Amino acid sequence: MEIEQFSGGLIPQQQQNWQGREEWFFNREHTDTYEQWYEGRYKRAEIWQKKVMEQLVSKDARVKTLLEFGCGTTRFTRWWKEIGIQATGGDLSPLMLSQAIHLFEGDLVMADSHHMPFKDHTFDSLAFITTFEYYKDPVKVIREAARVAKYGIAMGMMNRNSPKVVRRRVQQLFGKNPFYVTATFYTPSMLSEIIHEALKGREYSIEWTCTGLPKWFPVQQWSLPYGDFFGLYVKFNDVD
């Protein structure tokens with residue numbers, strides 16, 4: 001009997017695509033250094049992102065449990081407990097989750113956000129932190145989130161209204177930045193329109209705020225739709 005030899009990494013080459021396209025989070029060259037990136041030049045941005053998300057989510061006192069989809073290595077997922085929320089993480093990438101299991105004490109699930117393996121209203125809220133930009137069918141994902149989350153959806157987004165978007169696209173032209181090739185950047189108004197389409201018939205309110213402004217700028221957070229990052233919270237008002 002002839003034995004076929006297989007030589008490859010943790011994920012076979014033909015399985016490094018998602019939604020019909022190659023994604024950086026299936027490549028160990030990028031995922032192995034993900035945590036280091038947050039501890040380096042991105043640290044200041046992370047601090048302000050967490051401040052923004054805490055302000056938005058904490059206003060909904062009903063939220064005690066949360067599912068973060070696209071949790072990656074659980075950088076944010078580990079943080080939710082600091083503001084009194086019990087979090088669970090979900091991600092599609094086994095490379096990310098292989099790190100997450102050593103960093104996060106809570107529950108983790110490997111699944112696609114378009115088909116969340118949870119019953120209706122399993123969690124009080126659902127969060128997407130800089131992951132929603134990669135979904136080909138954002139309306140379907142929001143509907144799934146609204147099914148699984150009872151009280152609201154928290155979204156941390158890379159803002160289209162930022163000079164960094166232009167820089168990222170130029171870098172891509174020279175093959176220097178693979179992280180945003182498949183990303184779709186939204187503004188608060190663009191995202192709100194998608195939410196309205198997904199949640200027709202529901203009663204809800206939307207609140208957002210922006211950060212990611214230059215260090216020298218007089219303010220680091222404001223209600224104008226400009227800045228590298230914006231947080232948005234959808235609060236469901238038609239549930240008890």
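Are Trp-79 and Trp-80 buried or exposed? Trp-79 is buried, and Trp-80 is buried as well, where buried stands for a relative accessible area under 20%, exposed for over 50% and partly exposed for what lies in between, with a 1.4 Å probe and protein chains only. The model is a predicted one, in which local features need pLDDT of at least 70 and side-chain atom pairs count only at pLDDT 80 or more, while totals for chains, interfaces and linings use all residues. Residues are numbered from 1 along each chain as its sequence is written, and side-chain values use heavy atoms, with hydrogens and water left out.

Helices (H or I, at least four residues) and strands (E, at least two) are DSSP runs numbered from the N terminus, and two strands pair if DSSP finds at least two bridges between them.

In helix α7 (residues 188-198), the residues Pro-188, Leu-191, Ser-192, Ile-194, Ile-195 and Ala-198 are buried. They lie on the same side of α7 because they cover an arc of only 160° around the axis, the arc being that of the directions from the helix axis to the C-beta atoms. Ser-189 and Glu-193, on the other side of α7, are exposed. The buried residues of α7 pack against α5, β7 (149-158), β8 (204-211) and β9 (229-236).

The loop between β3 (65-69) and β4 (86-91) holds Thr-74, which has a positive phi of about 75° although it is not a glycine. Thr-74 counts as buried, at 0% relative accessibility. Thr-130, in the loop between β6 (123-129) and α5 (138-148), also has a positive phi, near 45°, in a residue other than glycine, and is buried with a relative accessible area of 16%.

Aromatic side chains complete the picture. Rings of Phe, Tyr and Trp (its six-membered ring) pair if their centres lie within 6.5 Å, and planes under 30 degrees apart count as stacked, over 60 as edge-to-face and the rest as tilted. By this rule the count comes to 9 aromatic pairs. Phe-76 and Trp-79 have ring centres 5.7 Å apart and planes at 75°, so this pair is edge-to-face. Trp-79 also forms a tilted pair with Trp-80, at 4.9 Å centre to centre and 50° between the planes. Phe-128, Phe-132, Tyr-135 and Tyr-186 form one aromatic cluster.

Methods
Contact means heavy atoms within 4.5 Å.
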